[in-house]
Number of protein chains: 2
Amino acid sequence: MNLFYSNDITESQITLPEDEAKHCTKVLRKNVGDEIHVIDGSGNLYLARIEAVGKRDCVCTVIEKTAGFGKHDYYVRMCVAPTKNIDRFEFFVEKAVEIGVDEIIPIVSENSERKVLKLDRIERIVLSAMKQSYKATMPIVAELTDIKDVLAAKYDGVKCIAHCEEQEKQLLRDVAAANKTITILIGPEGDFSLKEIEQAKQNGWTPVSLGESRLRTETAAIAAVHTVNVMNQ
Amino acid sequence: MNLFYSNDITESQITLPEDEAKHCTKVLRKNVGDEIHVIDGSGNLYLARIEAVGKRDCVCTVIEKTAGFGKHDYYVRMCVAPTKNIDRFEFFVEKAVEIGVDEIIPIVSENSERKVLKLDRIERIVLSAMKQSYKATMPIVAELTDIKDVLAAKYDGVKCIAHCEEQEKQLLRDVAAANKTITILIGPEGDFSLKEIEQAKQNGWTPVSLGESRLRTETAAIAAVHTVNVMNQ
């Protein structure tokens, strides 16, 4: 099954955006009368029939609508410092969406080596991974945010900070097993500063461990998303 | 802490191989009298003092030896079909070693698009990830193996096959929670053939699910390794 994405959907009609229309009609050679599956990024899957194919567009009639397609019953918000090598952060984004993530907040912290991020690239990866893994809800991707704002924010559920300092920590698996709504903070290559860790604790963030291994930023972030998924299976 | 690797270690002396010696003395500018940490790939960590620095080598005296450094208390063997895009398979290898894997068997199955694999590249990634994640035991990496040989092999512990067909399956998390020694088979982009799945079941492989999401080959393989890790924490 191939999924197409559109944000131009009415009760009865779907218009595919240009790149999706091209992929549908030029690459996959779908034509008038063919049935296709379309997602809206808000949780709905549509079965639709192609009615008209133009040079740059493709218009379909809705046959059937399924709500909550590919939905999971937990909420995980990942606050992650993008890596110096952007491929690694992009790999995290792709894997997180495949496994199941609801919100990604890229952060800049004291030891961050990367302080710029091209959001349109990240959004394309999110869309592609969402279609690839059969999901209809597009995770939220925030702008690059200063860690101070994240540390001070009020989030529903439990807030966890995964750092490498030798301090008392809970296992993320245990925290995830007990909480359906969870925010997890993953630091940059040089880890959080002691000041940031202290600030987090004062603001109600729980220090967590992902296990015995020392993981790279993107590995820790993927492992955290998957830990939440496993503990909610 | 930087870790260096050597396979030339006696009771009292360590000689670093050329590339490690260069990294140690040229890049990190270590010199005679400095103390360094060395792993042997067999589970031992050494604290050593540099005694002599040559153009291409570096000889050290052993100060202290620690056995079982970074060891985990389970055994996971991953049999994975390398992806068409080799970057994705290499990413799996790196992440698996960081999280904790004991053996990797690259496989060729009916729907495999990749039937050649450069093992020296994979071995370099394994070594680098092992040092990065503070482990002293080098996972075994086998030659590219026909799936028929893997399906027929006798392995200790439980054997699991993760496929996408809608059939009765156990959750990998439950199988992993109950077994300390586990072999997991992950198929290529086009999944296993029905014949391979049937053959596996006849040979005692347990069909498992990694959860609700449809995951790419390398994501499934990383998720499987991490599931075993989480269930053994």
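Visitor: What conventions apply?
Guide: Residues are numbered from 1 along each chain as its sequence is written, and chains are lettered from A in the order in which they are written. In this predicted model, local features need pLDDT of at least 70, side-chain atom pairs count only at pLDDT 80 or more, totals for chains, interfaces and linings use all residues, and side-chain values use heavy atoms, with hydrogens and water left out.

Visitor: How are the two copies related?
Guide: Two copies of a chain are related by a rotation about an axis and a shift along it.

Visitor: How many residues of each chain are in contact?
Guide: Contact means heavy atoms within 4.5 Å. 28 residues of chain A contact 28 residues of chain B. 100% of the interface residues of chain A are also interface residues in chain B, so the copies meet through the same surface.

Visitor: How many salt bridges are there between chain A and chain B?
Guide: A salt bridge puts a side-chain nitrogen of Lys or Arg within 4 Å of a carboxyl oxygen of Asp or Glu. The count between chain A and chain B is eight. One salt bridge joins the side chains of E98(B) and R216(A), at 3.7 Å, N to O.
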